[in-house]
Amino acid sequence: MEADILPTLRELGIGFVPYSPLGRGFLTGTAKRAEDYPDNDYRRQEPRFQGENYDANMRLVDAVKAIADEKDATPGQIALAWLLAQGPHIVPIPGTKRRSYLEENAKAASIALSRQDLDHIARAVPAGATAGPRYGERMMSLIDR
């Protein structure tokens, strides 16, 4: 995405809405191991919530938490502020069930990340650092068909 699609979208003036900008709960502090979700929760099957992938992804979350603490923000706010800093054509729309989360997410728009902040984030959480495929094998087979 970052290397191939986003530069083309920028060049053509096309907007982009990032899917699941808060990492399905990782960046809100609500993610649990796959086996801790009810049987009917899709995250039970998601590789990023399983075993060593979960552990590695939580280390990335810890790095974002450290940056958030420096900014007196939440990890989710830092993630959304980072997306907003990527350019006006990037429009994250995080899903939420509660007004308080909506208000928390909206505060990300007021967080100004400097070039130094963006570099810090890039070092702490490099592109492609997420452990595990986005979806299980069956769902991955449906992408880019």
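Start by selecting Leu22, Leu27, Ile78, Leu80, Ile111, Leu113 and Ile121: these have the most contacts inside the largest nonpolar core, which has 19 residues. A nonpolar core here is a set of buried Ala, Val, Leu, Ile, Met, Phe, Trp, Tyr and Cys residues joined through side-chain atoms within 4.5 Å, where buried means under 20% relative accessible area with a 1.4 Å probe, protein chains only.

You are looking at a predicted model, in which local features need pLDDT of at least 70, side-chain atom pairs count only at pLDDT 80 or more, and totals for chains, interfaces and linings use all residues. Residues are numbered from 1 along each chain as its sequence is written, and side-chain values use heavy atoms, without hydrogens and water.

Next, colour helix 3 (75–85). With five residues, helix 3 gives the most to the largest core. Helices are DSSP runs of H or I, at least four residues, numbered from the N terminus.

Now show what surrounds Ile121: leaving out residues up to four places away in sequence, Ile121 touches Ile67, Ile78, Trp82, Leu113 and Pro126 (contact means heavy atoms within 4.5 Å).

Then move to the rings. Select Phe26, Tyr37, Phe49 and Tyr54, a cluster linked by ring pairs; rings of Phe, Tyr and Trp (its six-membered ring) pair if their centres lie within 6.5 Å, and planes under 30 degrees apart count as stacked, over 60 as edge-to-face and the rest as tilted. Three aromatic pairs are counted by this rule. Phe26 and Tyr54 make a tilted one, 5.9 Å centre to centre with 40° between the planes. Both Phe26 and Tyr54 are buried.

Note on methods:
Buried means under 20% relative accessible area, exposed over 50%, partly exposed in between (1.4 Å probe, protein chains only). Helices (H or I, at least four residues) and strands (E, at least two) are DSSP runs, numbered from the N terminus.
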